[in-house]
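Student: Let us work through this model together. Please show me the sequence and the structure.

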Amino acid sequence: MADDRAFALKIITPDRVFYEGEAIMVELRTTEGEIGILKNHIPLTCVVAPGILRIRETDTEVKTAALLSGFVEILGDSVTILAEDVEWPDEIDVNRAEEARVRAQRRLDEKADTTNMKRAELALQRSVARIEAAKK
Amino acid sequence: MASMRDIKRRKTSIQSTQQITKAMKLVSTVKLQRAKTRAERSKAYFNCMYETIKGMIRRTGHIDHPYLIKGTSDKKAVVVITSNRGLAGGYNSNIVRLITGSDLDKKDVLIYAIGKKGRDTLKRRGYTIQEDYSEVINEPLYKDAMEISETLLEAYSKQEIGEIWLAYTGFKNTVSHIPTLIKLLPVDDTEREEYKENNPVGAIDEGILTDSLDGSKPAGSHSHSVGAIMNYEPEETEALELIIPKYVASLIYGALVEAVASENGARMQAMDSATSNAEEMIGTLELQYNRARQGHITQELTEIIGGAEALSS
């Protein structure tokens, strides 16, 4: 379906081209908050925070994935996501993510001086994003 | 002339060496194929990353971010990517020579070694080995590159090191591998120092972004839109802070993948020429052996005839 609202979306990881195609809307989480990108968005570069990525291909078809780190470059009619870590729901190991969540939570609760709070926080966000993406 | 038995023994020994080199060649051919596909698959990411960073720095102009200006420390961290195993022709020694031949001062250099061969040689030559990640080279993962870059950036922000360099073998194609030494940090757009053995005029583009082999246009094809005003969220300095570590990690990963491909390519070539050299030697020895055998028979015959003549007369 050729849709004049569609724009080119490309998601690249260091190991593969994760997604390449047209979308009419992309939703994701950045360090500044959630954003939704439509065609002709102003040029913008933003840094990804762990969260769920929704790719609206048509009005009825939506793909979701867990986008964990990377950054997004928006240039008018094309959007490129340079993702260090992105997974389709069926690639996620829910048990492992759950385990990681518990572990990160425990580390945050301990509040020991030795733990890197920022890192634990990120790990928690990542595992939560994974679990949520897998539930869809 | 060597005796027949000596020649024969020598020939058998060379034959068994040839069998080994032949097997090694086959193994590295297979490994090369795998490493090559991997290097090609990840190329898109690096092209794009490189374009983005370059664009960002050009657009933001001169900002006083620690990642963009030289640190106060004289120490220079050099990430040296070599192999864990030898028998790969000049692969490892080219990298070592690249470092000893560069104008990096020996006492200022801290080596972050990836690959045992480079580590040992540099250690012997009196360089300081700061860290050793040699086990990574067997099967490089992006996570490894992230870890290494984290360590480097931590030392960098603590002012323990003032510059970060990367020495690896770029993979251009199966037969051409280019030892490359590039400066990772501080990112310096105006004067990128470049050391390339074969190609001193080559810009950084060729090192990291060796011609895309499949001919497809690089992922960073949007680079023509440099004129567009880019907005940053969070604002530029902060965005740089977050993106530069990813940039360093991706460059290290790219170098790792390319180095693995180069290593196997170099080994394949070395083993190929070793096999054909052995072939040649076996040929020469075969000739010598036959000649010795003939000489032996002739001599025996002469002796018998001589003996018979002496009896009959």
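Tutor: Helices (H or I, at least four residues) and strands (E, at least two) are DSSP runs, numbered from the N terminus. This is a predicted model: local features need pLDDT of at least 70, side-chain atom pairs count only at pLDDT 80 or more, and totals for chains, interfaces and linings use all residues. Residues are numbered from 1 along each chain as its sequence is written, with chains lettered from A and ligands numbered from 1 in the order in which they are written.

Student: How many residues does chain B bring to the contact?

Tutor: Two residues are in contact if their C-beta atoms, placed from the backbone, lie within 7 Å. Chain A gives 22 residues; chain B gives 24 residues.

Student: Which element supplies the largest share of the side of chain A that touches chain B?

Tutor: Strands S5 (41-47), S7 (62-76) and S8 (78-87) of chain A each supply at least two residues. The largest share, 6 residues, comes from S5(A).

Student: Is A:Asn40 buried or exposed?

Tutor: A:Asn40 sits in the loop between strand S4 (33-37) and S5 of chain A. Its phi is positive, about 60 degrees, although it is not a glycine. A residue is buried with 20 or more other C-beta atoms within 10 Å of its own, exposed with 12 or fewer, and partly exposed in between. A:Asn40 has 10 other C-beta atoms within 10 Å, so it is exposed.
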